[in-house]
Amino acid sequence: MKHVICMIFNLQHEGHPITYEGTPSWLEQRLVIFKKYCIKAFANQTDPDFHLLMYCDNTTPNPLKSELLELESKYNFITISWDFSKVYDEYHKAEFKNSLLNNIKTLIGEDPQEFICSRFENDDIPEVRYNEFVKLAHKHHNIISLAKGLYWDINTNEFLDSIFPTGPFISVKSNFENFISPLEEEHHNYINERGGEPIITEENLWIQLVHGDNLWNRIDRMPGKPLPPPSNEYLKTHFSYE
């Protein structure tokens, strides 16, 4: 089954600073994190048949735009959409969903009766079997959340072992006629209101990085139990981090 992972990379949000302004800018910092921690895990998936569709601000200036384009050129699973500069107001929700659907058609064609669309953040790391497991889970469920993973504060090297049934790792199986975007509402609602299935595995299938000093990006606000830092070999084997 075809699988498209949608990542809002640097679209602007109302009321927030422009992502490419400042020294260093938010986008500069996020690109460092994405390249250091995240991209290798996508590149080393046990099932390489997926697309990573990254939505980037179409007003992003060089050299940051060039850096994004270099990622697209280097990794054949990455496609960048420059359809928007910002998103998430009421008008854009419908417009974004239409854009996502059109981009999926371009990536996988219009033949598949069903396909999977997932959401992912640019500071999260997929386990190397992530794509393989998502496809397996969707043989039995239309909407899932991957509940089992780790939080990693990269500033303090603290870890949490977490089970988050209504967390952000949402995947949806649908079709072109009745398309459901995994980004059209809050991630909690896909489980609480849409009947999605939380998948609780023995293995961790994601790492959410904690790296800022704002109120929400703090490890003491995340759900989970403290865990001794995993070995370097574990992080390399399961998340391609070294």
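**Notebook: a first look around the chain**

I started at Asn157, which counts as partly exposed because its relative accessibility is 38%. My cut-offs: buried is under 20% relative accessible area, exposed is over 50%, and partly exposed is in between, with a 1.4 Å probe and protein chains only. This is a predicted model, so I take local features only at pLDDT of at least 70 and side-chain atom pairs only at pLDDT 80 or more, while totals for chains, interfaces and linings use all residues. Residues are numbered from 1 along each chain as its sequence is written, and side-chain values use heavy atoms, with hydrogens and water left out.

I placed Asn157 in the loop between β7 (148-153) and β8 (158-163). For these labels, helices are DSSP runs of H or I with at least four residues, strands are runs of E with at least two, and both are numbered from the N terminus.

I noted Ser240 next, another non-glycine with a positive phi, about 55 degrees. Ser240 sits in the segment after α6 (232-239). Is Ser240 buried or exposed? Ser240 is buried, as its relative accessible area is 10%.

Then I looked at peptide bonds. The one from Thr23 to Pro24 is cis, with omega near -10 degrees, and Pro24 lies in the loop between β1 (3-8) and α1. Asn62 and Pro63 are also joined by a cis peptide bond, with omega about 5 degrees. Pro63 belongs to the loop between β2 (51-55) and α2 (64-74). I wrote these down because most residues other than glycine have a negative phi, and most peptide bonds are trans.

**Whole chain**

How many helices and strands are in the chain? I get six helices and twelve strands. The C-alpha trace spans about 45 × 45 × 35 Å along its principal axes. A compact globule of 242 residues would have a radius of gyration near 18 Å, and the chain agrees with its 17 Å. That radius is taken over C-alpha atoms, and the globule rule is 2.2 Å times the number of residues to the power 0.38.

Of the 242 residues, 52% are buried. Among contacts (heavy atoms within 4.5 Å) with a separation of 6 or more, 76% are between residues 24 or more positions apart. I also noted 22 positive and 36 negative side chains, with the centres of the two sets 2 Å apart. Lys and Arg count as positive, Asp and Glu as negative, and His and the chain ends are not counted; each charge is placed at NZ of Lys, CZ of Arg, CG of Asp or CD of Glu.

**The cores**

A nonpolar core here is a set of buried Ala, Val, Leu, Ile, Met, Phe, Trp, Tyr and Cys residues joined through side-chain atoms within 4.5 Å. The largest one has 50 residues, and Phe9, Phe34, Phe42, Leu52, Met54, Ile78 and Leu146 touch the most other members. Helix α1 (residues 26-43) supplies the largest share of this core, nine residues.

I then asked what Leu52 is in contact with, leaving aside neighbours within four places in sequence. My list for Leu52 is Ile5, Met7, Phe34, Phe42, Phe77, Ile78 and Thr79. There is also a second, separate core of 19 residues, including Leu53, Val87, Leu101 and Phe115.

**Last stop**

I ended on Gln29, in helix α1. Gln29 is partly exposed, as its relative accessible area is 44%.
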